[in-house]
Amino acid sequence: MTYDAGAGAPPPPSLLVTGIAELVTTEPGAGSIGVLADAAFVVERGRVAWVGPAADAPVADQVQDVGGRAVVPGFVDSHSHLVFAGDRSAEFAARMAGEPYAAGGIRTTVAATRAATDEQLTVNVARHVSEMRRQGTTTLEVKSGYGLTVLDEARALAIARQFTAETTFLGAHVVPPEYADDPGGYVDLVTGPMLEAAAPHASWIDVFCETGAFDADQAREILFAGKGKGLRGRLHANQLGEGPGVQLACDLGLLAVDHCTYLSGSDVSALRDSGTVATLLPGVEFSTRQPYPDARGLLDAGVTVALASDCNPGSCYTSSMSLCIALAVREMRMTPAEALWSATAGGAAALGRDDVGRLAVGKRADYVVLDAPSFVHLAYRPGVPLVADVTY
Ligand SMILES: [Zn+2]
């Protein structure tokens, strides 16, 4: 193709992705997650410009023929804790030998993270983000929460911001040892100087609302303080037992509440009525040998469900969304289609993003080519590295 030199810069090249045995768009209309057979799509300026049957595809400047493979939207991992130092493999081994998981294990990572340099933390985040990308995650959220001082929380978020816009201030992860006798004083720190320092680097604010961490009144106070600084709220809740967190998230109209492992009937009703996304993190139950959330019950009740990794060094050190899909299908009775939707469009809903998690005209062209003829292989072949190519 030639361009008139007098017309300014040439248009960017368009890319036709074709040879797709099965394209999952997650758009409603073609099955529950919009599966198109023998499909193609066109990418222009990083966005999807056309989707349809390969036979009808328009001409483009470049062609990517995926050779009869399946293509799915890039995974949207809406929950991770990547800014940390240290290793807790010994704790994992002890837990597998029968010791229970408790929220206090977080303090081990806090000590290691405080002792690390900015450079060490940045290298660690980069390594984990690269690991996620290779496994098909194209949008990710990263939380602070292992610094728990004004300076350490602010630097964790500044580091995370180098890798994603979806950064979450989690100063209220656990009360640090130096405030063990004064948890109220710690809440004052979180809602005061710590929030002030963290807010410029964060989009979200989160609280671990659980016995042993923060109660509902503290969580509400912290979320309101964050809102005052322009941060949107999310919650860790109902992970270790029933509690007030899910109800609080729904009452406040939060976009998402994460874990939802132990829910009452009124919690499920509240999720359905509020539209708050229940983000399930089955890697946690797998890694802590706990009962899984009732995903089937949530879906049947009409609740919007997302899947995320919760990648962290304590309760779940996997960054694999494919594993989460396999666990959701095998252990939580989600269908393969529901699990893939929750790991893509569901994650996008949990982050309030309408530009990712779907392969439709106008959306970001974030996509994964699978070494498989069908997306079902993500659950059918657990543990197999099926991600052949990732574009974002
Ligand atoms: Zn978490």
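Predicted model: local features only at pLDDT ≥ 70, side-chain atom pairs only at ≥ 80, totals over all residues.
Residues are numbered from 1 along each chain as its sequence is written. Local features need pLDDT of at least 70 and side-chain atom pairs count only at pLDDT 80 or more, while totals for chains, interfaces and linings use all residues.

**View 1. The whole protein chain.** The chain holds 14 helices and 14 strands; helices (H or I, at least four residues) and strands (E, at least two) are DSSP runs, numbered from the N terminus. Its C-alpha atoms fill a box of roughly 70 × 50 × 40 Å along the principal axes. The radius of gyration is 21 Å, which agrees with the value near 21 Å for a compact globule of 392 residues; it is taken over C-alpha atoms, and the globule rule is 2.2 Å times the number of residues to the power 0.38. Of the 392 residues, 53% are buried (20 or more other C-beta atoms within 10 Å of the residue's own; exposed means 12 or fewer, partly exposed in between; C-beta atoms are placed from the backbone).

**View 2. Packing of helices H4 and H5.** H4 (residues 150-161) and H5 (residues 183-198) pack at an angle of about 25°, with their axes 8 Å apart. Axes are lines fitted to C-alpha atoms, for helices over the stretch in contact, and angles run from 0 to 180 degrees between N-to-C directions. The two helices are therefore roughly parallel to each other (under 35 degrees; over 145 is roughly antiparallel, 65 to 115 roughly perpendicular, the rest oblique). Val150, Glu153, Ala154 and Leu157 in H4 meet Pro193, Met194, Ala197 and Ala198 in H5, where contact requires C-beta atoms, placed from the backbone, within 7 Å. These residues divide into 7 nonpolar, no polar and 1 charged (Ala, Val, Leu, Ile, Met, Phe, Trp, Tyr, Cys and Pro count as nonpolar, Asp, Glu, Lys and Arg as charged, and the others, Gly among them, as polar).

**View 3. Packing of helices H11 and H12.** H11 (residues 321-332) packs against H12 (residues 336-343) at about 140°, with the axes 9 Å apart. That angle makes H11 oblique to H12. From H11, Met321, Cys324, Ile325, Ala328 and Val329 meet Pro336, Ala339, Leu340, Ser342 and Ala343 of H12. By class, this contact has 9 nonpolar, 1 polar and no charged residues.

**View 4. Surroundings of Ser14.** Ser14 lies in the segment before strand E1 (15-24). Ser14 is partly exposed, with 17 other C-beta atoms within 10 Å. Leaving out residues up to four places away in sequence, Ser14 touches Val42, Val43, Glu44, Ala49, Ala60 and Asp61. The C-alpha atoms of Ser14 and Val42 are separated by 6.8 Å, although the two are 28 residues apart along the chain.

Notes. Contact = placed C-beta atoms within 7 Å.
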